[in-house]
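Thank you all for coming. I would like to take you through one model, moving from a single helix to its charged pairs and then to its cores and rings.

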Amino acid sequence: MPSTFQIEQLKSRLAKLSRDEAEGEPARFTLGIDRVDAYLDPGPCLFCLHEIHAETAADAVAANAFALGLASRATRDRPLLWAFQNLASQEAGGLHGSGLHEWGLRPETVLIVRVRDAVAMLAAGEEALKSGAVGAVLMTSWGEAKAMTLTASRRLALAARSGGSTAFVVRAAAAAVPSAAETRWSVRAALSTALEAGAPGRPAFVAALTRSRQGAASTEWTLEWDRESGAFCEPAPLSGRLVSVPVVGSAATRGDAAELRRTG
């Protein structure tokens, strides 16, 4: 549990980031792809709680990246607070300033809070949401945790609504439990599209919508993140993917026997 001093210190830093809330802005945000946004119409709710699950533990990075994309769309040019559980950093890798820059964010607008466990993560996230100082709060956890209850999710949802910030909780190596989330997603990594000269492609994901309080049926999309537009985008055709997929019956699928026949 964070100490009183830590909470006060967090409040102080949030206060410095605080900006006046603009009037007349929509209560929804979009992903940036027409067909996806049309399906989700009127779109994911701002000032609510959204939950993102890694399909497998190995997909934790993809889940965090997808959640970061959602949070980037929901901040509306306001700061982002990212509460990162230490165990998640140990299991899936830590955050890096240059990586945030490559994502299209300005690192100075991202406040990173490293926490010991889920209890501290929820406390920091709730405080940040209530402050109204940030556009979105992203919370990354790892593993099963008794603290991740329906009551805890309701507290986050209420804090998001009262503070005018949007909450995103990422869970890896943990089963889905009842929550007050407006939407729930399951995410796995996808093949990316190579850029010119074989440069690494854009981050790619298969994002499955598994729950929506707006009534949208469960479905999934393959998406990429475009740092230039700060939005999700359609992936390139399969022939342009960075990793090729062997055709059934080709040498790649016939195994060692085909290779022995070819080499004589």
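This is a predicted model: local features need pLDDT of at least 70, side-chain atom pairs count only at pLDDT 80 or more; totals for chains, interfaces and linings use all residues.

Residues are numbered from 1 along each chain as its sequence is written, and side-chain values use heavy atoms, with hydrogens and water left out. Helices (DSSP H or I, at least four residues) and strands (DSSP E, at least two) are numbered from the N terminus.

Which residues of α7 are buried? They are Ala152, Ser153, Leu156, Ala157, Ala159, Ala160 and Gly163. Because these residues cover an arc of only 160° around the axis, taken from the directions from the helix axis to the C-beta atoms, they lie on the same side of α7. As a reminder, an α-helix has 3.6 residues a turn, so residues three or four places apart point the same way. What covers the buried residues of α7, with contact meaning heavy atoms within 4.5 Å, includes β1 (49–54), α6 (118–131), β4 (136–142) and β5 (166–172).

The length of α7 can be checked too: its 14 residues, 150–163, should span 20 Å at 1.5 Å a residue, and the end C-alpha atoms are 20 Å apart, which agrees. The expected span is 1.5 Å times one less than the number of residues. Just after α7, glycine 164 takes a positive phi of about 70°.

**Charged pairs**

Turning to charges, the structure holds twelve salt bridges, each being a side-chain nitrogen of Lys or Arg within 4 Å of a carboxyl oxygen of Asp or Glu. In one of them glutamate 51 pairs with arginine 184, and the closest N and O atoms are 2.8 Å apart. Since glutamate 51 lies in strand β1 and arginine 184 in strand β6 (residues 183–189), the pair ties together parts that are 133 residues apart in sequence. Glutamate 51 is buried, with a relative accessible area of 7%, and arginine 184 is buried as well, at 13%.

Aspartate 117 and arginine 116 also meet in a salt bridge through their side chains, at 3.5 Å from N to O. Aspartate 117 is partly exposed, with a relative accessible area of 22%, whereas arginine 116, at 61% relative accessibility, counts as exposed.

A further salt bridge joins arginine 202 and glutamate 224, at 3.1 Å from N to O. This pair links distant parts of the chain, 22 residues apart, with arginine 202 in the loop between β6 and β7 (204–212) and glutamate 224 in strand β8 (residues 219–226). Finally, Glu55, Arg188 and Glu220 are linked in a network of salt bridges.

**Cores and rings**

The largest nonpolar core has 42 residues, and those with the most contacts inside it are Ile52, Phe66, Trp185, Phe205 and Leu223. A nonpolar core is a set of buried Ala, Val, Leu, Ile, Met, Phe, Trp, Tyr and Cys residues joined through side-chain atoms within 4.5 Å. Helix α3 (residues 60–75) gives the most to this core, with ten residues. Apart from it lies another core, of 29 residues, among them Leu111, Val113, Met139 and Ala180.

The structure also holds ten aromatic pairs. Rings of Phe, Tyr and Trp (its six-membered ring) pair if their centres lie within 6.5 Å, and planes under 30 degrees apart count as stacked, over 60 as edge-to-face and the rest as tilted. Tryptophan 185 and tryptophan 221 form a tilted pair, 6.2 Å centre to centre with 45° between the planes, and both residues are buried. To close, ring pairs link Tyr39, Phe66, Trp103, Trp185, Phe205, Trp221, Trp225 and Phe232 into a cluster.

Methods: Buried means under 20% relative accessible area, exposed over 50%, partly exposed in between (1.4 Å probe, protein chains only).
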